[in-house]
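Please keep the sequence and the model at hand while reading the points below.

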Amino acid sequence: MEPVSNGPLPKLTTTTFPSIPLLSKHLHSTLMELARVSALLLLISIQVLSILKKWNPIFHLLPLSCFFLFFLLKPLLIKPHIYIVDFSCFKPPNFCRIPISSFLENASMIKPFDKQGIDFMAKLIKSSGLGETTHLSPSLFYIPPISNLQEHIKEFHMVIFPVMQDLLSKTNLSPQKIDILIVNCSSLCSSPSLSSIIINKYKIRDDIKSFNVTGMGCSAGILSIHLAINLLKVHKNSNAVVLSTEITSAGWYAGNDKSKLLANSIFRMGGAAILLTNKEGSRNISKYRLLHAVRINRAFDDRAYNSTVREEDENGALGVSVTHDVVKVVGETVRTNIAVLGSFILPLSEKFKVGVSMFRKRFIRKSAEVYVPDFKRVIQHFVMPALGRTSSLIRDIGKGLKLGKIDTEASLMTLRRFGNQSSSSSWYVLAYLEAKERMKKGDKVWQLGFGSGPKCISFVWECNRPFVGESSKGPWADCIDQYPVHSLY
């Protein structure tokens, strides 16, 4: 498998022509919106005309009856609202902090790594945007590092138990009130399962619907939220807890294959606990309400499928191989997801511009560029995960979406402060926005997640209530005033 390229990252743009199904989605969405507007105008016209022409009173009642019948039946037809009540992020203790110089010094004393491997990891770290305050498992501070099942479970306990307890405390939720439990971790698959460890620890009741999600890569945290959402659509009046983490000691690679050294260089400790509910009684205390969810999977494409693979090297050392195709694959997967999401949330004028430009490129002038819609017309905050080989990936996605520096700030600062935390990174980005007190009631938040497979998931949340004192809470409490670091732009 070809290793990660050292060259510059290709730019992520949204100008590549989407597939015919996406064009049909845009056209269908636009036509449906036109149909809804036309129906409303027709009802109003009938009502006005009946008044002007002094028609029989029945003509007054007909459009009004249709109007009121629609609003009476609509609540019965729509699915229950899904809310994020609150979430918690793990803040690693200071004794787990690993400055860049210490990491490289320790790595140079570990036997499997040669000088070329150390130099390659140094280049990866330098270009990644990581700062001096990221964290690793205590077992990786030993020389050589200790990587066995017992240490993996210890790290899981160290991350998940505190963050779970913090979530239960801040939401005043008893473990007996949890109806659905989902735990995701791609690097560790134990028996009993990680979800069973939680059930045993908190003595959760015997009819709990528990799931253990593994092998889903960096998108696993957002994917688990999607699973919880689908379950909450079926099981009424329920609470769902999602726990996301990756075990750094389980993902450690002890070899010199350059395509597998990325995980050692930029992946760091992190974990998050999220409480979701469909109980309308929790509406006023919940932080966010779900508006839209879009999920895309490109595992059918061999090139995309093989861009990130966990496998053994020639000496039997297990690691995650990342090919030079990964950035292009991410761009294609994200672009497809964005196109579908845009058909749901963009205003009619933006959809029309996209549709016209796609038609022109398809049938009139092949060289024409597809119009990039202005998502900032409907979205106030952008939560892109702090992932990727370098911080340039975050900037390129922002550039492709015509976002400003402030829109990518939260992701870049999370990558610098905490490193690439894989499946839990998205929640640290959201916590940054809250700590900066930028979130206002009614604001729309776009949460984007992508990972190996490859998969891409988008959520649009609406801020449900004002936040008070978030700057003194969570993982950013003691350092939020130090960010942003302007030298990163």
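Predicted model: local features only at pLDDT ≥ 70, side-chain atom pairs only at ≥ 80, totals over all residues.

In which loop is the place of glutamate 437? Glutamate 437 sits in the loop between helix 14 (425-435) and strand 10 (444-451).

**Backbone features**

- Glutamate 437, a residue other than glycine, has a positive phi near 55 degrees, and with a relative accessible area of 41% this glutamate is partly exposed.
- Asparagine 237 likewise has a positive phi, near 55 degrees, although asparagine 237 is not a glycine; asparagine 237 is placed in the loop between helix 7 (220-234) and strand 4.
- Because its relative accessible area is 56%, and over 50% counts as exposed, asparagine 237 is an exposed residue.
- Isoleucine 143 and proline 144 are joined by a cis peptide bond with omega at about 0 degrees, and proline 144 is found in the loop that runs between helix 4 (115-128) and helix 5.
- Tyrosine 483 and proline 484 are also joined by a cis peptide bond, with omega at about 5 degrees, and proline 484 belongs to the segment after strand 11 (455-463).

**Helix 6 and its surroundings**

- Helix 6 covers residues 194-202, and within this helix Leu194, Ser195, Ile197, Ile198, Ile199 and Tyr202 are buried.
- These buried residues of helix 6 pack against helix 5 (149-171), and also against strand 2 (180-184), strand 3 (209-213) and strand 4 (239-245).
- Lysine 203 follows helix 6 and has a positive phi, near 50 degrees.

**Aromatic rings**

- Twelve aromatic pairs are present in the structure, and one of them is edge-to-face because the rings of phenylalanine 103 and tryptophan 252, with centres 6.3 Å apart, have their planes at 75 degrees.
- Phenylalanine 103 lies in helix 3 (residues 100-108) while tryptophan 252 lies in the loop between strand 4 and helix 8 (262-266), so this pair ties together parts 149 residues apart in sequence; both phenylalanine 103 and tryptophan 252 are buried.
- Tyrosine 432 and tryptophan 476 form an edge-to-face pair, with ring centres 4.9 Å apart and planes at 75 degrees.
- Tyrosine 432 is part of helix 14 and tryptophan 476 is part of the segment after strand 11, so the pair ties together parts that are 44 residues apart in sequence; tyrosine 432 and tryptophan 476 are both buried.
- Tyr432 and Trp476 also belong to one aromatic cluster, together with Phe418, Tyr428 and Tyr483.
- Lysine 201 lies over the face of phenylalanine 161, at 4.9 Å from the ring centre, and lysine 287 lies over the face of phenylalanine 467, at 5.2 Å from the ring centre.

**Proline 92**

- Proline 92 has its place in the loop between strand 1 (83-89) and helix 3, where it is buried, with a relative accessible area of 4%.
- When residues up to four places away in sequence are not counted, proline 92 touches His135, Met269 and Phe418.
- Proline 92 and arginine 268 are 176 residues apart along the chain, and their C-alpha atoms are separated by 10.0 Å.

**Salt bridges**

- In general, side chains of opposite charge can pair when their charged atoms come close.
- A search of the whole structure finds 20 salt bridges, and one of these joins aspartate 478 to lysine 91, with the closest N and O atoms 2.6 Å apart.
- This pair links distant parts of the chain, 387 residues apart, since aspartate 478 is in the segment after strand 11 and lysine 91 is in the loop between strand 1 and helix 3; lysine 91 counts as partly exposed at 32% relative accessibility.
- Arginine 289 forms a salt bridge with glutamate 462, the closest N and O atoms being 2.7 Å apart; arginine 289 is in strand 6 (residues 288-297) and glutamate 462 is in strand 11, 173 residues apart, and both residues are buried.
- Glutamate 332 forms a salt bridge with arginine 298, with the closest N and O atoms 3.5 Å apart.
- Glutamate 332 lies in helix 10 (residues 326-345) and arginine 298 in the loop between strand 6 and helix 9 (302-305), so the pair ties together parts 34 residues apart in sequence.
- Glutamate 332 is buried, with a relative accessible area of 15%, and arginine 298 is buried with a relative accessible area of 15%.
- A network of salt bridges links Asp86, Lys287, Glu434 and Glu470.

How values were computed. Residues numbered from 1 in each chain as written. Heavy atoms only, no water. Buried < 20%, exposed > 50% of the residue type's maximum accessible area, 1.4 Å probe, protein only. Helix = DSSP H or I, 4+ residues; strand = E, 2+ residues; numbered from the N terminus. Contact = heavy atoms within 4.5 Å. Phe/Tyr/Trp six-rings, centres within 6.5 Å; stacked < 30°, edge-to-face > 60°. Lys NZ or Arg CZ within 6 Å of the ring centre and 35° of its normal. Salt bridge = Lys/Arg side-chain N within 4 Å of Asp/Glu carboxyl O.
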